[in-house]
Amino acid sequence: EVNVNDLGLTFARWVWDVKGSTAYVFDHLLATETHAASWRPRHLSWQDVGAFLAASGITIFIGLCAGVCVPILMFYYVRPQLQTDLQKRDIFNSASYRLLHTHETSSWTLSATLVHWPTRGVLLRWGKRPLAHQFFKISFQARPWPDPSAGTGIVRTKRLQIEKLPFYPDLPEQRCFFFVADGQQDVRPLRGQHFPNEFNRELMALGFLQEDRPALKAGRPYQFQVTAYN
């Protein structure tokens with residue numbers, strides 16, 4: 001025999017199913033000026049069953065909502081932020097390498113960084129030129145390296161208006177272009193996908209302009225060239 005008064009569970013409710021069809025509920029009664037704390041037994045009613053089922057349903061519903069909402073938040077908000085941080089780290093590493101291995105006499109350098117976000121491609125960055133206001137359109141090409149003179153395998157983009165190219169957020173003096181690896185495979189499936197970061201949205205807009213452009217060859221080194229037109 002168990003004395004529920006000695007268990008110390010002040011707000012607990014106990015259901016006791018004896019042998020047979022009769023079930024009891026023990027309600028805890030708080031102490032008053034005239035009565036000590038005690039437990040009051042009563043028969044289990046259909047209201048108790050309904051309350052239990054309702055509470056179970058609410059718990060299951062909340063669990064299902066959390067199970068659906070948490071992956072969505074992870075995929076659409078946490079994952080893009082992590083990918084953006086990795087993108088910035090890749091850009092920082094490539095910039096550090098350029099500072100160590102580029103001659104100081106270079107007046108202007110085109111920086112290329114292989115990135116995987118918002119999709120596979122090469123992020124090109126260059127400093128603002130003194131006569132940039134005289135240029136109207138600009139084009140990009142990737143030439144196989146170390147022998148770009150062969151003329152085979154060169155991948156070119158269409159001419160674009162310079163003013164439509166984004167600036168790099170951390171260095172507003174640098175223009176950017178996103179040379180996607182494969183427009184068919186890496187860009188077309190991403191139509192309609194949401195990118196919280198504005199800079200990544202601008203890069204994807206450039207990627208959508210290259211859907212029909214020939215793809216870069218995986219494992220082949222490339223040189224990148226920028227040509228401006230007035």
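How many aromatic pairs does the count come to by this rule: rings of Phe, Tyr and Trp (its six-membered ring), centres within 6.5 Å? I get seven aromatic pairs. In my labels, planes under 30 degrees apart are stacked, over 60 edge-to-face, and the rest tilted.

**Ground rules.** I'm working on a predicted model, where local features need pLDDT of at least 70, side-chain atom pairs count only at pLDDT 80 or more, and totals for chains, interfaces and linings use all residues. Residues are numbered from 1 along each chain as its sequence is written, and side-chain values use heavy atoms, with hydrogens and water left out.

**Ring pairs.** I looked up Trp117 and Phe195 at the outset: their ring centres are 5.5 Å apart and the planes sit at 65°, so I noted the pair as edge-to-face. This pair links distant parts of the chain, 78 residues apart: Trp117 is in the loop between strand E4 (111-115) and strand E5 (121-127), and Phe195 is in the loop between helix H2 (183-187) and helix H3 (198-208). For elements I use DSSP runs numbered from the N terminus, helices being H or I with at least four residues and strands E with at least two.

Tyr168 belongs to strand E9 (residues 167-168) and Phe199 to H3, 31 residues apart. I have Tyr168 as buried at 6% relative accessibility, and Phe199 counts as buried at 6%.

I also wrote down one aromatic cluster, formed by Trp126, Phe140, Phe177, Phe179 and Phe224.

**Charges over rings.** My test is NZ of Lys or CZ of Arg within 6 Å of the ring centre and within 35 degrees of the ring normal. Arg125 lies over the face of Tyr168, 5.5 Å from the ring centre.

**Cores.** A nonpolar core here is a set of buried Ala, Val, Leu, Ile, Met, Phe, Trp, Tyr and Cys residues joined through side-chain atoms within 4.5 Å. Which residues touch the most other members of the largest one? Of its 16 residues, I find Leu124, Phe140, Leu165, Phe177 and Phe179. At least two residues of this core come from each of E5, strand E6 (137-144), strand E10 (171-180) and strand E11 (222-229). A second, separate core has 14 residues, including Leu123, Cys176, Leu190 and Met204.

I then checked contacts (heavy atoms within 4.5 Å) for Leu165. Neighbours within four places in sequence aside, its partners include Trp126, Ile138, Phe140, Leu160, Arg175 and Leu206.

**Sheet.** I traced an open, antiparallel sheet of four strands in the order E4-E5-E10-E9; I call two strands paired if DSSP finds at least two bridges between them. E4 and E9 are at the edges with a single partner strand each, so one side of each has no neighbour in the sheet. E4 and E5 run antiparallel, joined by five bridges, and Ala112 stands opposite Leu124 in E5. H3 packs on the sheet, touching E5, E9 and E10, and its direction makes about 40° with that of E10. Axes are lines fitted to C-alpha atoms, for helices over the stretch in contact, with angles from 0 to 180 degrees between N-to-C directions.

**Overall.** I count three helices and eleven strands in the protein. Of its 230 residues, 28% are buried.

Methods: Buried means under 20% relative accessible area, exposed over 50%, partly exposed in between (1.4 Å probe, protein chains only).
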